Amino acid sequence: MKNIYSPQTAKILSVKNLSANVKLFRLKVKPNLPLQNRLCFIPGQFALIGVWGYGEAPFGISSSPLQNQYLEVVVREAGTVTQKLHTLKKGDEVTFRGPYGNGFPLDFFEGKDLVMITGGCGIPPIASLIEYVIKNRKNFNNVYLLYGAATPQDILMKEKMKEWKKSIEVLLTVDQGDKNWKGNVGLVSNLVRYLEIEPQNTAAAMCGPGAMAKALENILKPVGVSDRRIFVSEERRMQCGIGKCQHCTCGEKYVCLDGPVFNFDEIDKDFD
């Protein structure tokens with residue numbers, strides 16, 4: 001019987017600095033991830049990546065779900081595992097398990113205005129969703145990305161955003177600008193005023209702190225976007241990925257099995 005805890009090996013194809021403490025890793029998973037219904041994973045799913053002797057940690061997959069030759073994850077240096085990952089370079093190997101969990105409801109999103117909302121290092125699962133939407137752009141109405149960062153230097157995936165702007169509306173804001181910043185300053189929720197949507201035919205996808213999700217829900221709901229149309233990717237310190245260790249409980253649910261993507265009304269009041 002195959003050991004469900006036994007990881008496979010992935011080789012690092014490239015490492016790119018996204019900010020002072022955030023890197024993007026492109027990984028070659030062996031064997032290649034198989035395409036099922038054209039997708040090798042669902043945007044919003046996560047993988048457990050680690051280094052022998054240091055442990056592993058969960059990361060949202062940021063690359064296109066239509067790409068089965070490699071996958072990409074964004075790693076912020078924050079603890080033992082991520083500090084070790086930040087020392088690795090092209091050609092080094094890491095451990096890989098996944099993909100796990102439930103992703104965003106792609107079929108439900110089709111034919112609707114779509115608002116994607118995130119901040120800081122919450123961008124990976126949203127980035128994957130954007131890549132899918134752009135490849136299937138004719139199946140969606142108005143599409144927006146609302147993204148906030150602490151400073152202009154903390155905005156991640158700037159090069160990707162230049163490409164995304166050709167197909168979707170990208171709205172950025174920072175907590176504190178600098179002399180070169182000409183964009184919005186303030187909360188991500190302030191960007192909602194720029195949306196041109198049909199509320200009864202709009203869906204929202206979020207990834208970020210609980211406070212952000214709650215604030216945006218209070219703004220989207222009054223304009224007619226119901227909780228059942230708002231989907232939130234929850235963040236937890238998962239270890240097993242299969243609902244056994246109980247480290248990722250969210251109320252009565254497990255983030256690894258029932259999520260990480262939930263309807264807002266499933267986890268309202270259960271945020272971190």
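How many cavities of 30 Å³ or more does a search of the whole structure find? The search finds one. The legends below describe a predicted model.

**View 1. The largest cavity has a nonpolar lining.** About 40 Å³ of space lies inside this cavity. Its lining is made up of F25, L27, I49, F59, V73, V75, L85 and V94. Two elements, β2 (22-29) and β5 (71-76), each give two or more residues to that lining. Sorted by class, the lining has eight nonpolar residues.

**View 2. F46 and Y100 form a tilted aromatic pair.** The whole structure holds five aromatic pairs, according to the search. In the pair of F46 and Y100, the ring centres are 5.8 Å apart. The angle between the planes is 50°. F46 belongs to strand β3 (residues 46-51) and Y100 to strand β6 (residues 93-100), so the pair ties together parts that are 54 residues apart in sequence. Are F46 and Y100 buried or exposed? Both residues are buried.

**View 3. Four phenylalanines form one aromatic cluster.** The members are F104, F108, F109 and F231. F108 also has a charge over its ring: the charged end of K112 sits there. The distance from that charged end to the centre of the F108 ring is 4.1 Å.

**View 4. The charged end of R26 sits over the ring of Y70.** Here the charged end is 3.9 Å from the ring centre.

View 5. A disulfide is a covalent bond between the sulfur atoms of two cysteines. How many disulfides does the model have? The count comes to zero. The cut-off for a disulfide is a sulfur pair within 2.5 Å. For C207, the closest cysteine sulfur is likewise the one in C121, at 10.0 Å. The surroundings of the two residues can be set side by side. C121 is partly exposed, at 31% relative accessibility, whereas C207 is buried, with a relative accessible area of 3%.

**View 6. N32 and N68 are apart in sequence but 6.1 Å apart in space.** The spatial distance runs from C-alpha to C-alpha. In sequence, N32 and N68 are 36 residues apart. Where does N32 lie? N32 lies in the loop between β2 and β3. N32 is partly exposed, with a relative accessible area of 32%.

**View 7. A cis peptide bond joins G98 and P99.** Most residues other than glycine have a negative phi, and most peptide bonds are trans. Between G98 and P99, omega is about 0°. P99 is found in strand β6. Y100, the partner of F46 in the tilted aromatic pair, is also in strand β6.

**View 8. M157 has a positive phi.** The value is about 60°, although M157 is not a glycine. Which loop holds M157? M157 is found in the loop between β8 (143-149) and α4 (158-164). Is M157 buried or exposed? M157 is buried, with a relative accessible area of 5%.

Terms used
Residues numbered from 1 in each chain as written. Predicted model: local features only at pLDDT ≥ 70, side-chain atom pairs only at ≥ 80, totals over all residues. Heavy atoms only, no water. Phe/Tyr/Trp six-rings, centres within 6.5 Å; stacked < 30°, edge-to-face > 60°. Helix = DSSP H or I, 4+ residues; strand = E, 2+ residues; numbered from the N terminus. Buried < 20%, exposed > 50% of the residue type's maximum accessible area, 1.4 Å probe, protein only. Lys NZ or Arg CZ within 6 Å of the ring centre and 35° of its normal. 1 Å grid on protein atoms, 1.4 Å probe; cavity = no way out; pocket = protein on both sides within 12 Å on 5 of 7 lines; lining within 4 Å. Points joined across faces, edges and corners; volume = space filled by probe spheres on them. Nonpolar A, V, L, I, M, F, W, Y, C, P; charged D, E, K, R; others polar.
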